[in-house]
Amino acid sequence: MTAQIQPQQAVTETKIIMSDPTALGVFGLSIVTFVAASQKMGWTTGSVYLIPWALLLGSIAQIWASTIDFKKNNYFGSIVLGAYGLFWGAVAMHWAISQGLLGALDPAKADPKQLAFACLGYFFFSLFIMVAAFEVNKMFAIMLMLINVLLPSLALSILGINPGLFSPLAAWSELLISLIGFYTAGGLFLNSYFGRTLVPLGKPFGFIRKGPAK
């Protein structure tokens, strides 16, 4: 009996090409910081109407962009957008709880100063992100430097430590983050769409070389 040789079936590979989502993530961050800065600057009042912007733009948009960057093996974008997206989701929940939108609030069981420690924790992590941002482009580097001004200023203001200094510092740094973010998001969009640099974002500083040390 002779064995029959089965013909090999052709293997078809399907490659899904996904666009760079970074512009969307940065835009989400820019919008939520712009709206939140309007309250800190005294142009608007209250935090109830900040919640949808924090939840949809600050959180969901950044987390969605992060998941795409994970698939594209964009280590910087996936971690950074994901981390800050989760931050804004938690902040939106904090505002909703503090306003009693999720039910009656027992003041004995709620200490709003816990948000200050969350800001400090993010500040510690953002210091590491800033080091990496220096090697992405100058706009990201400036945004991270401002974020590292915003987070401790906001924390100290919440804790009641010299709010006359740290509250305005938090307001102005958040406003600048949003404005630089709009420029960066627009630049990422146009540069990607046209396949060449139309809006300069600044070359990496080149302080630290990637790869193994020689």
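Student: How much space lies in the second largest pocket?

Tutor: Good place to begin, and keep in mind that this is a predicted model. Its second largest pocket is lined by 24 residues. The space that lies in this pocket is about 470 Å³.

Student: Which element gives the largest share of the lining of the second largest pocket?

Tutor: By class, this lining divides into 15 nonpolar, seven polar and two charged residues. The largest share of the lining is seven residues, and the element that gives it is α3.

Student: What is the volume of the largest pocket?

Tutor: Among the 22 residues that line the largest pocket, Tyr75, Phe76, Ala132, Val136 and Lys210 are the closest to its centre. The lining divides into 13 nonpolar, five polar and four charged residues. As for the volume of the largest pocket, it is about 550 Å³.

Student: Which elements give two or more residues to the lining of the largest pocket?

Tutor: You can find them on the structure by their residue ranges. One of these elements, α4, covers 114–133, and another, α6, covers 163–194. Together with α3, the complete list is α3, α4 and α6.

Student: How many cavities of 30 Å³ or more does the structure hold?

Tutor: We can start with the largest cavity, which has a volume of about 110 Å³. Among the 13 residues that line it, Val26, Leu29, Val80, Leu81 and Phe140 are the closest to its centre. The number of cavities of 30 Å³ or more is one.

Student: How many charged residues does the lining of the largest cavity have?

Tutor: The elements that give two or more residues to this lining are α1, α3 (75–98) and α5 (138–158). The largest share, five residues, comes from α3. By class there are ten nonpolar and three polar residues, and the number of charged ones is none: the lining has no charged residues.

Student: Are α1 and α2 roughly parallel or roughly antiparallel to each other?

Tutor: Take helix α1 at residues 22–40 and helix α2 at residues 51–71. Their axes come within 8 Å and cross at roughly 160°. Angles over 145 degrees count as roughly antiparallel. Therefore α1 and α2 are roughly antiparallel.

Student: How do the residues of the contact of α1 with α2 divide by class?

Tutor: The α1 side of the contact includes Leu24, Phe27, Leu29 and Val35, while the α2 side includes Trp53, Leu57, Trp64 and Asp69. The residues of this contact divide into twelve nonpolar, five polar and one charged.

Student: Is the crossing of α1 and α6 left-handed or right-handed?

Tutor: The axes of α1 and α6 come within 8 Å and cross at roughly 155°. That makes α1 roughly antiparallel to α6. Their contact has 16 nonpolar, six polar and two charged residues. The crossing of α1 and α6 is left-handed.

Student: Why are α3 and α4 called roughly antiparallel to each other?

Tutor: The axes of α3 and α4 are 12 Å apart. Angles over 145 degrees count as roughly antiparallel. The two helices are therefore roughly antiparallel, as they pack at an angle of about 165°.

Student: How many nonpolar residues are in the contact of α3 with α4?

Tutor: The crossing of α3 and α4 is left-handed. On the α3 side, the contact includes Phe76, Ile79, Phe87 and His94, and on the α4 side it includes Leu115, Tyr122, Ser126 and Ile129. Two residues of the contact are polar and no residues are charged, while the number of nonpolar residues is 15.

Key
Residues numbered from 1 in each chain as written. Predicted model: local features only at pLDDT ≥ 70, side-chain atom pairs only at ≥ 80, totals over all residues. Heavy atoms only, no water. Axes fitted to C-alpha atoms, helices over the stretch in contact; angles between N-to-C directions. Helix = DSSP H or I, 4+ residues; strand = E, 2+ residues; numbered from the N terminus. Parallel < 35°, antiparallel > 145°, perpendicular 65-115°, else oblique. Contact = heavy atoms within 4.5 Å. Nonpolar A, V, L, I, M, F, W, Y, C, P; charged D, E, K, R; others polar. 1 Å grid on protein atoms, 1.4 Å probe; cavity = no way out; pocket = protein on both sides within 12 Å on 5 of 7 lines; lining within 4 Å. Points joined across faces, edges and corners; volume = space filled by probe spheres on them. Left-handed = near helix turned anticlockwise from the far one by under 90°.
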